[in-house]
Amino acid sequence: MGAHGTDLVHEATQNGVRTLTLDSPHNRNALSARLVARLYDALERAGADSGVRAVLLTHTGSTFCAGADLSEAVSAEEGGAPADGPLALARLLRTVVEFPKPVVARVTGHVRAGGTGLLAACDISVAGPGATFAFTEARIGVAPAVISMTVLPRTDPRALARYYLTGERFGPHEAARIGLVTLAADDVDEALAPVLDGLRRGSPQGLAASKRLVTREVLAAFDRDTGTLADLSARLFASDEAREGMTAFLERREPEWAVRQAPVR
């Protein structure tokens, strides 16, 4: 058993399972450039460690992952950091899908927008009673473009037609019903115990080959759609509507296009 890591991603190993804990509470574990870089480093170490059979991805605080770091996105539009976000997100998601060892998500908090793409990239996921989910992109003037490559092949299309468009929040049992997560459980660690035990019993070759079978369709989506969807995402993020939507979100106000419902008399 050992533990180390960085200020944004902590690493610990116990009985063949490498736990990676996202720890960026100031932005709700958003996928900032620094957090993503730390996550790559941690995955590389886990992949190279012959004693690791699986990776468990979890989080501190009340949010698993809030998706894109909108403050970085706004800064990029104002001439700050390079706006390569969509391709960077696609690369991260594909790295998790292609990772030669099973990646399991342990979710006890909120998952939003791009965070749902990271969740869907994982092979197995267990969500606790405090978990909530939402595809909120349309509310800020963009669309769940890049994350569709992990979400669409694994999730019920009729449910996504609703949640992509409305941005409604839903809970762990609905997430399990529609296939966004594997299992909803009152006790996440109790539910994970047999899952992790099964992975510990797998051979490295057997796990890698079995994972390739169940991720084949997801990887086909990346081969086919990465360029098109990254371009779409970049165009949307660069638009005036998206700038207004992101600014409104950061300022905790309604965007200018929101239609207020008239009171019922």
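# Strands, helices and rings

Reader: Where is Val103 found?

Author: Helices and strands are DSSP runs, numbered from the N terminus (helices: H or I, at least four residues; strands: E, at least two). Val103 is found in strand S6 (residues 103-107).

Reader: What kind of model is this?

Author: Residues are numbered from 1 along each chain as its sequence is written, and side-chain values use heavy atoms, with hydrogens and water left out. Local features need pLDDT of at least 70, side-chain atom pairs count only at pLDDT 80 or more, and totals for chains, interfaces and linings use all residues, since this is a predicted model.

Reader: Is Val103 buried or exposed?

Author: Buried means under 20% relative accessible area, exposed means over 50%, and partly exposed lies in between (1.4 Å probe, protein chains only). Val103 has a relative accessible area of 2%, so Val103 is buried.

Reader: How many Å apart in space are Val103 and Leu57?

Author: Start with the contacts, where contact means heavy atoms within 4.5 Å. Leaving aside neighbours within four places in sequence, Val103 is in contact with several residues, including Val55, Val96 and Lys211. Leu57 is 46 residues from Val103 in sequence. From C-alpha to C-alpha, the distance in space is 7.0 Å.

Reader: How many residues lie between S2 and S3 in their hairpin?

Author: Two strands pair if DSSP finds at least two bridges between them. S2 and S3 pair in the antiparallel sense over 6 bridges, and Ala12 stands opposite Thr19 in S3. The two strands form a hairpin, and the number of residues between them is 2.

Reader: Is Asn15 buried or exposed?

Author: Most residues other than glycine have a negative phi. Asn15 has a positive phi of about 50° although it is not a glycine. Asn15 lies in the loop between strand S2 (9-14) and strand S3 (17-22). At 56% relative accessibility, Asn15 counts as exposed.

Reader: And is Asn29 buried or exposed?

Author: Asn29 also is not a glycine, yet has a positive phi of about 55°. Asn29 lies in the loop between S3 and helix H1 (33-48). At 2% relative accessibility, Asn29 counts as buried.

Reader: How many Å does H1 reach from its first C-alpha to its last?

Author: The expected span of a helix is 1.5 Å times one less than its number of residues. H1 has 16 residues, and 22 Å is expected. Close to that, H1 reaches 23 Å.

Reader: What covers the buried residues of H1?

Author: The buried residues of H1 are Leu35, Val36, Leu39, Tyr40, Ala42, Leu43 and Ala46. Their cover includes S2, S3, strand S4 (54-59) and helix H3 (85-98).

Reader: Which residue lies over the face of Tyr40?

Author: A charge sits over a ring if NZ of Lys or CZ of Arg is within 6 Å of the ring centre and within 35 degrees of the ring normal. At 4.2 Å from the ring centre of Tyr40 lies Arg91.

Reader: Which strands stand at the edges of the open sheet?

Author: The open sheet has 3 strands in the order S5-S7-S9, with parallel pairing. Each edge strand has a single partner, so one side of each is left without a neighbour in the sheet. These edge strands are S5 (63-65) and S9.

Reader: At what angle does helix H4 run to S7?

Author: Axes are lines fitted to C-alpha atoms, for helices over the stretch in contact, and angles run from 0 to 180 degrees between N-to-C directions. Helix H4 (residues 114-121) lies across S5, S7 and S9. To S7, helix H4 runs at about 105°.

Reader: How many aromatic pairs are there?

Author: Rings of Phe, Tyr and Trp (its six-membered ring) pair if their centres lie within 6.5 Å; planes under 30 degrees apart count as stacked, over 60 as edge-to-face and the rest as tilted. By this rule the count is 3.

Reader: How many residues apart in sequence are the parts that the pair of Phe133 and Phe170 ties together?

Author: Phe133 and Phe170 are stacked, at 5.8 Å centre to centre and 20° between the planes. Phe133 lies in strand S9 (residues 132-134), and Phe170 in the loop between helix H6 (157-166) and helix H7 (172-177). So the separation in sequence of the parts tied together is 37 residues.
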